[in-house]
Amino acid sequence: MSLEQRWLKAVYGDSQWLAPLYPFGSLYRYLMARREAQYSSGKKSVWQAPVPVIVVGNITLGGTGKSPLVAWLACWLVQRGYSPGIVTRGYGGKAANYPLQVAATTDPAQSGDEPLMLAQQTGRPVVADPQRPRGVQALVEQGCDIIISDDGLQHLALGRDIELVVIDGARGLGNGRCLPAGPLRESPDRLSRVDAVIVNGEQRHALGVNAVSMELAPKRWRHLHSQQSLALAPLPFTLPVHGVAGIGHPERFFNTLRSLGVEGDMHPLPDHQRFDSQTFQFVGQRPVVMTAKDAVKCQALAPPDSWILEVEATLPPEFEHWLAAKLSAISERGCMNG
């Protein structure tokens, strides 16, 4: 188990060895609150895009399922006549120049894994740029009429029209403390100031606010090398397998595999794991099953019998109606201001 994984286990289990870090968590919380106040008061500038911006983010570390929500939003918006673009920081990637236009064939070392995955899944323009306003401008110049900002909740320099926060239902807010004493990037009361809180999976912890339920539903198997897609049942590979997950919450993926009858050895890896030739040196020649996020980084490294479990977010009709009404109101307000 990596140091990152031990820390995540501790903050979501409220281990007492974190007690010496409590003062630092309080300081972090104070600094984040002061920073938010500086933006809201105008002491720090906020750039407002000429098109609506939907921010999808979280207030916890460790993986919540926001990327599937971003993909769902992109598809939903296209179905309603919008031309969405996705802006992201590009965590884990390093490009020579920004903004970086992320295509389905972009090197993940430049873009990061999640931007490349989103480009492949949605077919929509994706731009990676640590300076989000600059990235949004590049998308608007391409003709995008609405922007989805992936993991942009804390990037307050970019104005937003809708804020959506994703919480992992099983882990909630952990011990309720801010970094480094807990998993929170902001105070829990931030949830009361966003437009919607979306809980991924069964909600097991009280949040103090109303929440929308989201499920990540397994849809199909995809062979890594041939890209052939097959139904969930019967399983297209033999058991047992080696399960691989370099995501924020690997156990969620492994539980999904088990629910589908997939058994074997499960290998949790650090989030945004960089793959190399040693990653797949497992004992025993078995099929390898991985996430879509991992798959974009190991096309040339994984064994021939490697499979991806494709999942899709599902949200209730009530959320769709709310979002459609919200966007309609934004559009009407824009027409009046124009």
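This is a predicted model: local features need pLDDT of at least 70, side-chain atom pairs count only at pLDDT 80 or more; totals for chains, interfaces and linings use all residues.
Residues are numbered from 1 along each chain as its sequence is written, and side-chain values use heavy atoms, with hydrogens and water left out.

View 1. Look for Arg185 in the loop between β6 (162-168) and β7 (196-200); strands (E, at least two residues) and helices (H or I, at least four) are DSSP runs numbered from the N terminus. Arg185 is buried, at 17% relative accessible area (buried is under 20%, exposed over 50%, partly exposed in between, with a 1.4 Å probe and protein chains only). Leaving aside residues up to four places away in sequence, Arg185 touches several residues, including Tyr28, Asp151 and Gln154 (contact means heavy atoms within 4.5 Å).

**View 2. Tyr28 in helix α2.** Tyr28 sits in α2 (residues 22-41) and is partly exposed, with a relative accessible area of 26%. Not counting residues up to four places away in sequence, Tyr28 touches Cys178, Leu179, Leu184 and Arg185.

**View 3. Two cis peptide bonds.** Most residues other than glycine have a negative phi, and most peptide bonds are trans. Here, the bond from Ala233 to Pro234 is cis, with omega near 0 degrees. The bond from Leu239 to Pro240 is also cis, again with omega near 0 degrees. You can find Pro234 in the loop between β9 (229-230) and β10 (241-245), and Pro240 is in the loop between β9 and β10 as well.

View 4. Asp151 is not a glycine, yet its phi is positive, at about 55 degrees. This residue lies in the loop between β5 (146-150) and β6, and Asp151 is partly exposed, with a relative accessible area of 23%. Now back to Gln227, another residue other than glycine with a positive phi, near 65 degrees. Is Gln227 buried or partly exposed? Gln227 counts as partly exposed, at 37% relative accessibility.
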